[in-house]
Amino acid sequence: MEQLFATLTRARRENFDLAAVGLPAGAPAEELSDELPADLRRLLALSDGPCFGVRASLHSAGRIGFFQGLEVLALAAGIPDAGHYLNIGFVNEAPLLLDTADGGVWAVRDDGGLWYQGCRLERIADSLEVFVSEWAAGPRFPELVEAAVDDLEWDDWWRLLQAAGRATA
């Protein structure tokens, strides 16, 4: 992940029209709670609350605690207990989850309605590192945000991924 964020930062610096891309500096060590999974602490130490375009983002270390309360998700997705999930961000305004039991990353998919009125969980990666490298900052980004590549040509994050060699035009 360290090399990936260095590559993205370098591409952003080299492309002045992408300076506004939401790739903040990492959180200070004292803001990274020991209660967070190690891989999430590592990611937030690299970039604290990155925005992957306008459709996906991760919560910052200081705000991650505000987005829990997964009882609504348990009802909407029809799962008996959402207690082992950690809400780490949003994709298209629906929660992005980290399974604290096995490290998998899950997207909440709304199937055309509002996610909290009924949704399904889709396991998209077996680890946070795979999620970042393949989905958030890689060629599967259009799948993550459920958009056609043609619809992303205006998206600065997608353009950054192309400039960094992480996605094709």
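This is a predicted model: local features need pLDDT of at least 70, side-chain atom pairs count only at pLDDT 80 or more; totals for chains, interfaces and linings use all residues.
**View 1. Serine 47 sits in a loop and is buried.** Serine 47 belongs to the loop that links helix H2 (38–46) with strand S1 (51–52). With a relative accessible area of 0%, serine 47 counts as buried because the limit is under 20%. Leaving aside residues up to four places away in sequence, the contacts of serine 47 are Phe5, Leu23, Pro24, Ala25 and Gly26.

**View 2**

**View 3. Six strands make an open sheet.** The strands follow the order S1-S2-S3-S4-S5-S6, and their pairing is antiparallel. S1 and strand S6 (120–125) are the edge strands; each has a single partner strand, so one side of each lacks a neighbour in the sheet. H4 packs on this sheet, with contacts to S1, S2, S3, S4, strand S5 (105–109) and S6. The direction of H4 makes about 90 degrees with that of S6.

View 4. S2 and S3 run antiparallel and are joined by three bridges. The antiparallel pairing of S3 and S4 extends over six bridges. In that pair, tyrosine 85 stands opposite aspartate 99 in S4.

**View 5. Asparagine 92 lies in the hairpin turn between S3 and S4.** The two strands form a hairpin with two residues between them. Most residues other than glycine have a negative phi. Asparagine 92, in the loop between S3 and S4, has a positive phi, near 50 degrees. Its relative accessibility is 26%, so asparagine 92 counts as partly exposed.

**View 6. Glutamate 146 is another residue with a positive phi.** Glutamate 146 is not a glycine, yet its phi is positive, at about 55 degrees. You can find glutamate 146 in the loop between helix H5 (141–144) and H6. A relative accessible area of 49% makes glutamate 146 partly exposed.

**View 7. Helices H1 and H6 pack against each other.** The axes of H1 and helix H6 (residues 156–163) are 9 Å apart, and the packing angle is about 105 degrees. That angle makes H1 roughly perpendicular to H6. On the H1 side, the contact involves Leu8, Ala11 and Arg12. Facing them in H6 are Trp157, Leu160, Leu161 and Ala163. By class, the residues of this contact are six nonpolar, no polar and one charged.

Key: Residues are numbered from 1 along each chain as its sequence is written. Side-chain values use heavy atoms; hydrogens and water are left out. Helices (H or I, at least four residues) and strands (E, at least two) are DSSP runs, numbered from the N terminus. Buried means under 20% relative accessible area, exposed over 50%, partly exposed in between (1.4 Å probe, protein chains only). Contact means heavy atoms within 4.5 Å. Two strands pair if DSSP finds at least two bridges between them. Axes are lines fitted to C-alpha atoms, for helices over the stretch in contact, and angles run from 0 to 180 degrees between N-to-C directions. Angles under 35 degrees count as roughly parallel, over 145 as roughly antiparallel, 65 to 115 as roughly perpendicular and the rest as oblique. Ala, Val, Leu, Ile, Met, Phe, Trp, Tyr, Cys and Pro count as nonpolar, Asp, Glu, Lys and Arg as charged, and the others, Gly among them, as polar.
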